Amino acid sequence: MRNALLEVTDLSRRFGGLTAVDGLNFHVNDGEIVSIIGPNGAGKTTAFNLITCIYPPSAGAISFDGLNLVGLPLHRIAAAGIGRTFQNLRVFANLTARENILVGLTRHARASFLETLFHGGRFRAEEEALAAEADRLVALLDLTPVADQLVRNLPYGDQRRVEIARALATKPKILLLDEPAAGMTPPEIEELNGMIRRLRDELGKTVLMVEHHMSLVMEISDRIIVMDQGRKIAEGTPDEVRSNPLVISAYLGSGVV
Amino acid sequence: MLLETRDLHVSYGPIVAVRGVSLAIPQGQIVSIVGANGAGKSTIVRAISGELAPARGEIVYRGSTLTGLPAFQVARRGIVQCPEGRRVFAGLTVMENLRLGAYGRGQLAQAAETLERIFTIFPRLKERRTQLAGTLSGGEQQMLAIGRAMMAAPEILLLDEPSLGLAPILVQTMFEAIRAINAGGTSVLLIEQNAFMALNIAHYAYVLRTGTVVAEGKGMDLLKDEDTIRAYLG
Amino acid sequence: MDLLLQVIANGLTVGGTYALGAIGVSLVFGVLNIINFGQGASYTVAAYIAMVLMVSAGAPVVVAFAGGIVAAFVVGWIVERIAVRPLRDQPLLMSLITTMGLGLIIENLAHFIFGPQTQPLSPTLTADVFQLGMITVSTWELVTLAVVVAAIACLHYVLHHTDFGTAVRAVAEDRRAAQLLGIDVDRLIVVSFCIASAMGGAAGVLGAALYNSIYPTMGSLSMTKAFAASVLGGMEQIAGAIVGGLLLGIAESVTSVYLSSAWRDAIAFGLLVAVLVVKPTGLLGRRGLDKVERTNLSIFPLPPVPKLDLRQPLLALPIAIAIALPLVVTDTYYLRILTIMAMSGTIALSLNLIAGFAGLVSLGHAAFYGFGAYATAILSTRYGVPTWISMGIAIAATGVFGALFAWPMMRLRGHYVAMGTFGLSGVVWMVMLNWVDLTRGPMGIRAIPAPSFFGSELRGVGFYYLILAILVISTFVVLALLNSPFGRALRAMRDDELGMASVGVDPRVIKAKVFVVSAAIAGAAGAFWAHYISFISPDSFTPVASISYLAMVVLGGLGSVPGAIFGGAVLAALPELLRFASEYRLAIYGLIMVLIILFRTQGLLGRRHDIPSRKAPVARRAVVKEVG
């Protein structure tokens with residue numbers, strides 16, 4: 001078995017009286033595609049937010065690539081090698097698709113304040129390098145025709161891909177995708193499927209995603225983690241999960257009238 | 001027909017959330033809309049309530065159109081929405097929350113009677129009536145949200161995800177309560193991700209996927225339909 | 001001991017009036033989530049109406065006071081309908097400026113009708129003095145306390161024991177849930193607004209009676225105290241507003257007796273800043289800052305950023321015209337207006353970085369501008385530093401000051417940034433006013449030398465070219481930064497701070513840098529001003545001046561580089577060009593601000609946003625914030 005890239009241990013988070021994540025344990029291996037599924041309110045997005053330090057856990061540990069993530073400020077997460085997208089899309093709506101990606105590349109910029117002010121040689125060379133890298137990502141996510149349009153004017157599916165491209169720009173080891181297919185049309189989901197595979201197979205990215213579109217999840221995942229009410233209720237390959245009675249009841253309703 | 005949507009289209013800016021949905025809610029029935037997250041269920045409810053303007057299509061209530069009415073006017077006509085996530089007024093007591101339901105629609109005269117009914121359905125609320133709503137458990141808050149909407153004496157109750165985040169045992173209670181409310185003569189439009197329960201309770205149901213109706217029928221028939229279940233579960 | 005008791009008793013009375021005003025601020029903030037900068041007008045109107053009723057109509061005191069409070073109620077209705085409701089779905093900045101503009105108009109009308117002088121509320125108003133144990137109190141102090149207690153009791157009763165009040169509290173918590181129950185949210189909001197305004201009116205008449213004096217700008221000062229008291233207590237807490245008001249009153253009273261009466265007015269600003277730094281949610285604030293909405297500026301698309309390339313006509317043409325202008329405009333008076341226009345353009349350009357790009361509602365820009373002016377003035381007059389060098393030092397020092405200024409703002413969002421910068425600006429103003437040894441206080445600094453250029457002192461045209469050079473260089477700096485990774489991050493931050501942090505860019509670093517650059521540019525304009533005008537006094541650097549700079553940016557178009565310069569230049573020229581209407585000058589100025597925001601919310605050169613206005617058929621529909 002390969003080494004775990006991301007390891008979550010006994011993770012809990014309470015909001016007031018509500019325990020959103022309750023003693024969650026799981027790991028993601030290098031090069032895997034892992035999906036978290038579960039009904040609404042099961043704590044999937046909360047788990048993502050805990051891993052990316054949007055808020056601190058009430059208890060538990062998160063380690064990534066040997067680094068303890070608990071207590072890190074949000075902006076350090078990207079430097080640690082974690083890229084993420086958001087359920088409700090947090091793209092920069094008033095920037096173009098290309099500019100969104102360029103912002104993702106900001107942390108690789110090295111020119112000093114004075115070089116920036118005078119647009120000196122090093123600054124210009126760097127801008128060219130960043131632009132080239134942005135072009136590469138634009139092409140990779142099939143955004144070429146819309147690269148110079150404001151993101152606010154793009155269809156939902158394109159906005160989702162801009163957000164993924166932006167996350168990729170930080171050169172992450174792992175990509176956390178929060179409902180990447182939400183709001184996409186079936187053909188777009190089909191493309192997304194191919195794209196996520198390419199990210200793993202060609203770029204060597206590890207992928208952890210929360211998703212509701214079962215066909216996508218079942219097709220693409222190496223492993224699936226099923227959550228309900230903040231806990232992990234099942235884990236396994238798509239086939240194992242599909243036939244697990246607990247999972248069926250969590251999705252179809254656990255009570256029988 | 002009590003309430004109908006005809007070829008309803010709703011967009012959020014460039015994003016089309018609901019495309020061409022026509023549903024009908026007959027007097028005295030429970031109608032469910034089921035579908036995955038982001039399928040457009042809540043959008044339909046918000047459009048009926050007058051919170052969102054349809055890009056196209058019509059919402060017809062007792063033969064006259066609701067399109068263009070502000071949300072509070074829609075509520076005053078008897079179409080009361082109990083929104084997703086409960087949204088009780090946390091800083092107000094349980095009684096204040098309930099009374100507001102009657103105040104908004106000007107139903108204060110009948111309030112005492114309605115209140116008794118609600119306390120019969122949700123005895124927990126009676127026990128906690130002087131408590132601040134924010135201190136209630138999730139399940140109790142959901143009861144309060146439904147009770148508050150009932151205080152407005154609705155013709156149609158629009159319930160958006162009433163089982164969201166509730167423990168299984170409470171989900172059961174909640175659906176029994178919905179049945180009881182319906183038995184009292186209130187029509188119900190129920191939005192649910194918990195498809196099994198929602199189909200079980202519904203007289204009629206619609207399955208929604210990416211903003212369009214992909215299946216409809218009697219709740220029990222849909223439940224027995226293997227294909228629908230599989231399409232829905234993946 | 002006796003003295004302390006007496007001081008506290010006096011503080012409680014004054015504090016009572018602050019509490020009334022603060023309740024008004026908190027009520028509006030709680031229900032509407034906006035800050036009403038027109039509240040000062042309620043004080044002024046109430047006091048003047050009471051005066052007219054008493055002096056001209058011979059009405060009894062009680063009737064006159066009631067009349068004043070009713071007038072304030074009506075002012076509230078006017079402000080809500082004109083300046084608030086049409087902008088409810090707009091960024092908070094907009095209603096901030098329209099309420100302020102409307103307040104300015106009303107204040108100016110009072111000035112026009114009743115004259116600028118301080119006058120007694122009524123010449124026959126007398127006050128008996130009682131001895132209560134160890135302390136002495138006047139009739140008016142007792143009346144004030146009684147009215148304050150009664151008003152608070154009434155409000156408490158209405159809010160907590162009537163269905164109407166319950167509905168108001170419900171609307172404050174969750175407008176959406178309230179309207180879904182059939183509650184007419186718009187009506188409740190306007191009534192709450194009127195009640196808040198009447199509270200301000202009560203504070204106005206009581207304050208006027210306590211000192212038996214009224215003057216047109218009395219509202220602005222009282223409003224500042226009310227803001228401070230409200231923030232002190234926790235912004236949306238009525239109980240907090242009361243505690244905050246009383247504490248502020250006592251603190252002022254204690255300061256003026258035991259420390260110095262000069263620093264009395266500084267207490268409000270000082271406490272405001274201190275509480276935001278130490279406990280941003282206020283003394284009684286329970287909720288976290290998460291609930292505070294973001295400055296939803298991102299509904300406005302940013303205009304394209306001009307490239308840094310002198311060959312583009314957009315850049316080259318205005319520069320060429322500006323250089324050539326003195327050939328045509330030879331009249332000293334008009335040259336002076338041009339100089340002031342260029343200076344205001346520079347200041348607006350710098351503020352645009354903070355307000356337009358970083359999306360922070362800064363009401364503190366006069367502090368930077370004033371800091372630069374005072375720094376160079378003190379260095380050159382007192383220490384004989386050569387003017388060019390002192391200007392350079394002033395610019396650098398203002399940049400450093402900008403970083404210090406930014407630090408307490410890092411944790412704050414939305415309205416709290418507005419309040420914090422407003423308070424900081426007030427502190428700086430108070431230091432200018434009261435640190436007499438350094439700044440010569442209200443007398444100001446005179447005889448600031450003009451810089452010399454190749455041996456001869458700069459005059460008219462020379463100064464014009466100097467400020468033009470500052471403006472052009474500043475524009476280049478701003479464009480260079482905007483066309484860089486820093487500039488992209490800055491624009492991205494306005495859209496989504498969390499999204500930006502998620503790609504590894506620390507928003508705090510971006511904010512700090514933007515404050516440094518912005519402050520340094522404003523400091524340069526201030527330093528220029530000191531040498532140009534050769535006399536500076538604290539009057540030019542009040543927090544109210546800060547708001548007018550913000551108005552320049554908004555009017556020009558938030559986030560538009562040419563827009564900001566244009567807005568600054570136009571609004572600076574306006575008072576000069578309106579000199580013929582001297583009496584109405586400020587009213588017209590306010591009116592223009594209000595009209596532009598109501599009818600061209602994106603500003604003169606800004607880009608239109610695509611959220612339907614409330615006049616469209618979809619008028620009352622929820623603005624789409626999140627899908628799902």
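I shall go through salt bridges, helices, individual residues and backbone angles in turn.

This is a predicted model, in which local features need pLDDT of at least 70 and side-chain atom pairs count only at pLDDT 80 or more, while totals for chains, interfaces and linings use all residues. Residues are numbered from 1 along each chain as its sequence is written, chains are lettered from A and ligands numbered from 1 in the order in which they are written, and side-chain values use heavy atoms, with hydrogens and water left out.

Let me begin with salt bridges. The term denotes a side-chain nitrogen of Lys or Arg within 4 Å of a carboxyl oxygen of Asp or Glu. Over all chains, a search of the whole structure finds 38 salt bridges. One of them joins A:Asp22 to A:Arg231, with the closest N and O atoms 2.9 Å apart. This pair links distant parts of the chain, since A:Asp22 is in strand E2 (residues 18-29) of chain A and A:Arg231 is in strand E10 (residues 231-236) of chain A, 209 residues apart. Strands and helices here are DSSP runs, numbered from the N terminus: helices are H or I with at least four residues, and strands are E with at least two.

How accessible are these two partners? A:Asp22 is partly exposed at 25% relative accessibility, and A:Arg231 is partly exposed at 47%.

A second salt bridge is formed by the side chains of A:Glu32 and A:Arg223, at 2.8 Å from N to O. A:Glu32 lies in the loop between E2 and strand E3 (33-37) of chain A, and A:Arg223 in strand E9 (residues 223-228) of chain A, so the pair ties together parts that are 191 residues apart in sequence. A:Glu32 is buried, with a relative accessible area of 7%, and A:Arg223 is buried at 12% relative accessibility. A:Glu32 and A:Arg223 also belong to a network of salt bridges with A:Lys232 and A:Glu235.

A further salt bridge, again 2.8 Å from N to O, connects A:Asp201 and A:Arg200. Here A:Asp201 is exposed, with a relative accessible area of 54%, whereas A:Arg200 is buried at 18%.

I turn now to the helices. Which residues of H1(A) are buried? They are A:Lys44, A:Thr46, A:Ala47, A:Phe48, A:Asn49, A:Leu50 and A:Ile51. Because seven of the eight residues of helix H1 (residues 44-51) of chain A are buried, this helix is largely enclosed by the rest of the structure.

In chain C, the axes of helix H13 (residues 332-357) and helix H22 (residues 543-556) come within 9 Å and cross at roughly 80 degrees. Axes are lines fitted to C-alpha atoms, for helices over the stretch in contact, and angles run from 0 to 180 degrees between N-to-C directions. Contact means heavy atoms within 4.5 Å. Among the residues that meet are C:Ser344, C:Ile347 and C:Leu351 in H13(C), and C:Tyr549 and C:Val553 in H22(C).

Two individual residues show their surroundings. B:Thr43 is found in helix H1 (residues 41-48) of chain B and is buried, with a relative accessible area of 6%. Not counting residues up to four places away in sequence, B:Thr43 touches B:Val10, B:Tyr12, B:Ala17, B:Val18 and B:Leu52. C:Leu210 has its place in helix H8 (residues 185-211) of chain C. With that exclusion of residues up to four places away in sequence, C:Leu210 touches C:Thr13, C:Thr17, C:Trp140, C:Glu141 and C:Thr144.

Finally, the backbone. Most residues other than glycine have a negative phi. A:Glu179, although not a glycine, has a positive phi of about 50 degrees. A:Glu179 lies in the loop between strand E7 (174-178) and helix H7 (186-201) of chain A and counts as buried at 4% relative accessibility. C:Ser534 is not a glycine, yet has a positive phi of about 65 degrees. C:Ser534 lies in the loop between helix H21 (507-533) and H22 of chain C, and is partly exposed, with a relative accessible area of 27%.

Thank you for your attention.

Technical notes:
Buried < 20%, exposed > 50% of the residue type's maximum accessible area, 1.4 Å probe, protein only.
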